[in-house]
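Hi,

Here is the structure I promised to pass on. Have a look at it first, and then read on for what turned up.

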There are 2 protein chains.
Amino acid sequence: MTLQFEIAAAKGRGRRGCLKTPHGSVETPVFMPVGTQATVKGVPQDVLEELGVEILLGNTYHLFLRPGIEQVRKLGGLHRFMSWPRAILTDSGGFQVFSLSDLRKVTEEGVMFRSHLDGSSHFLGPEQAIEAQIGLGADIIMAFDECTEYPADPLRARASMEMTLRWAGRSRRYFEEHKGEVPWGSRQPSAVSHQENTRSLDSAGFSLSLKSRSAGDDISFKKEAKTQALFGIIQGGMDHALRKESAERTIEIGFDGYAIGGLSVGEPRNLTREIVESTLEHLPKEKPRYLMGVGTPEEIEGYARLGIDMMDCVLPTRAARHGLLYTSEGKISIKQARFAGDEGPLDPNCPCRVCRRYSRAYLRHIYAANEVLAQVLNTIHNLSFYLDTMRRVRHSI
Amino acid sequence: MTLQFEIAAAKGRGRRGCLKTPHGSVETPVFMPVGTQATVKGVPQDVLEELGVEILLGNTYHLFLRPGIEQVRKLGGLHRFMSWPRAILTDSGGFQVFSLSDLRKVTEEGVMFRSHLDGSSHFLGPEQAIEAQIGLGADIIMAFDECTEYPADPLRARASMEMTLRWAGRSRRYFEEHKGEVPWGSRQPSAVSHQENTRSLDSAGFSLSLKSRSAGDDISFKKEAKTQALFGIIQGGMDHALRKESAERTIEIGFDGYAIGGLSVGEPRNLTREIVESTLEHLPKEKPRYLMGVGTPEEIEGYARLGIDMMDCVLPTRAARHGLLYTSEGKISIKQARFAGDEGPLDPNCPCRVCRRYSRAYLRHIYAANEVLAQVLNTIHNLSFYLDTMRRVRHSI
């Protein structure tokens with residue numbers, strides 16, 4: 001398998017490491033910004049690079065519906081489509097599909113669902129989810145799982161976990177048979193037409209003009225590392241024994257890394273933490289561990305110190321769009337009138353380009369005036385705060 | 001008066017020059033992007049700097065209503081409020097107020113109007129408009145005028161022109177009495193509290209930390225050049241004789257520069273051009289000439305070659321938000337399905353950061369998906385195209 005994970009240091013239960021992907025290295029523990037529709041809402045890719053983002057998350061469900069997997073595949077995969085030369089992880093689409101509670105029907109085969117965009121019918125099962133993720137070509141892709149609802153009774157939690165395990169096996173089988181079909185893989189000729197005068201392709205199918213503009217970057221397109229990595233997902237609801245069993249049987253199937261799914265679904269925060277702690281005990285130390293959909297700055301720091309290597313969450317980007325900003329002095333709502341005359345920076349301890357340049361008064365004004373720049377700047381700051389939080393944790397390990 | 005205007009070269013009727021303002025030099029002929037609410041919608045200030053924007057336009061009407069003139073003045077003026085160290089021009093608010101056709105009442109004194117935001121009543125006359133613009137502290141401010149509607153009969157056009165002349169006199173008088181009150185002026189102590197540890201002020205009331213980040217920039221805060229410049233506006237409808245009279249009598253009052261107003265109000269394009277050409281004949285060669293609210297890329301190039309030095313228009317920014325993009329191969333609507341698989345750059349001849357990095361397929365996708373990044377990138381490209389158009393014109397003179 002092509003993903004390399006090296007642990008450089010450990011302190012307590014936390015560890016610092018490095019994920020080597022076909023699109024560059026990722027220092028862990030890492031927070032992955034969410035780029036649902038092939039964009040982190042409002043933030044240009046060069047700003048993400050400047051912020052130090054080394055890996056982004058894309059949502060298979062959204063890209064499946066628009067612009068469609070085949071379209072992205074023909075254009076060379078998600079990296080090239082969105083002009084993002086660094087690493088990408090895609091989810092399986094399962095979580096989003098299950099969230100469409102009135103629009104979907106689950107069977108052993110998979111999930112029939114209706115598009116939230118136009119009501120059209122679609123089907124995703126393990127094979128379709130892996131096929132889609134191979135077409136998108138993320139560096140790390142996820143097995144198709146069922147996210148067990150909360151609360152769930154013991155029978156329901158077990159049945160759901162068992163189905164996730166069967167789906168994990170099918171995901172792994174489909175992946176092994178088709179992993180050579182990734183759009184940037186060595187076995188796949190580029191299907192993309194390009195203009196000789198403006199863009200030329202290197203062997204990884206990526207634009208050389210982009211590479212040359214990223215001089216000094218640590219991206220290397222390794223010729224020998226040309227397939228994706230597949231992660232399994234641990235389910236089992238809020239039951240420690242089921243979580244242990246799910247972990248053991250998922251590991252038996254064998255994946256490049258392991259995710260803890262089915263949390264942050266409405267349960268109390270202390271229960272989330274208990275389940276994470278107990279599940280971690282059953283995961284192999286040498287593989288990356290990914291906690292899905294968590295959390296606040298305090299939570300991502302706490303989980304990193306428990307030994308989680310990867311996290312993602314819409315919180316920093318979604319909160320930014322609602323004017324909720326994370327600072328070293330706590331969370332603030334920039335819409336409040338008390339900031340109207342406040343000439344200080346958003347966070348005096350933050351070195352981001354927003355805090356260096358703009359006052360709270362200005363950020364309050366553009367938010368109150370419903371200006372798009374508010375969303376742009378707020379998102380840049382919140383992402384910077386999250387990334388700095390993880391940088392600080394890494395430095396402390 | 002403090003604005004210096006030097007003409008470096010001329011070719012045909014066109015001329016190339018340099019406006020020296022208290023906030024830096026502006027190469028002319030220049031296109032001024034519109035930053036209505038203290039932001040060019042969707043574009044961070046550092047990107048505007050990178051694009052080479054040397055002067056921005058702010059709208060007094062919008063800033064008057066929100067966040068309010070006194071708020072901006074207390075925060076050091078518009079430059080400091082929006083963290084824009086380069087030149088700014090504000091309009092008088094007249095044009096916007098007259099556009100509120102159902103919400104305003106015009107008298108000799110000025111205009112009573114209702115806010116489009118909350119229906120509250122406000123009054124703007126020449127004195128209030130100049131007072132507001134001194135509070136905002138733009139480098140170039142505009143006399144309060146009445147924009148004559150189109151079509152207008154001869155009596156109405158003359159009456160409107162006469163009122164604009166009386167208002168021009170009142171604007172000039174108020175300005176002369178109060179021009180020392182500009183927030184960054186030498187006679188005005190800074191009313192802004194600031195944090196010693198993060199921001200310190202130079203004598204121009206601007207943050208030193210911003211200045212240091214702009215090292216290499218051509219901005220200089222001249223100690224001796226500390227008042228604003230006031231421009232008069234020529235009206236007279238579509239009547240050549242009235243335009244001539246308006247020009248002569250406005251020049252008699254005496255301004256730092258002269259604007260041609262009352263065009264692009266619904267008249268045919270060839271009539272606009274005729275009026276511009278004939279009005280230009282009556283304007284002094286040694287003063288900057290500003291054509292308000294014009295136009296397409298072809299038009300701004302054409303007017304520059306007729307001897308116009310300054311132009312502004314919402315077209316590039318507004319069109320961008322509707323997916324209409326100007327390219328060296330003509331205007332395109334990026335929403336069209338034919339771009340869904342088009343991997344070429346938006347404009348193969350454009351060196352902007354959008355054309356260097358993103359494909360038409362990607363720009364089409366984010367526009368179709370209603371992503372904020374579409375507005376951001378489209379606006380950056382269109383502004384780049386407009387600025388490059390003017391750069392090309394300057395180089396050709």
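How many residues lie between β15(B) and β16(B) in the hairpin they form? There are two residues between these strands. Keep in mind that this is a predicted model. Strand β15 (residues 324-327) of chain B and strand β16 (residues 330-333) of chain B run antiparallel and are joined by four bridges. To find your way along the pair, look for B:L324, which sits opposite B:S333 in β16(B).

Now to the sheet. Chain B has an open sheet of eight strands, paired in parallel, and its order is β4-β14-β13-β12-β11-β10-β6-β5. At the edges you'll find β4 (30-32) and β5 (55-58) of chain B, each with pairing on one side only. On average, neighbouring strands of this sheet are turned by 25° against each other, direction ignored.

Helix α10 (residues 269-280) of chain B lies across β11, β12 and β13 of chain B, and runs at about 155° to β12(B).

Strand β13 (residues 289-291) of chain B pairs with strand β14 (residues 310-312) of chain B in the parallel sense, over two bridges. Within that pair, B:Y290 stands across from B:M310 in β14(B).

Cheers

Conventions. Residues numbered from 1 in each chain as written. Chains lettered and ligands numbered in written order. Predicted model: local features only at pLDDT ≥ 70, side-chain atom pairs only at ≥ 80, totals over all residues. Heavy atoms only, no water. Pairing = 2+ DSSP bridges. Axes fitted to C-alpha atoms, helices over the stretch in contact; angles between N-to-C directions. Contact = heavy atoms within 4.5 Å.
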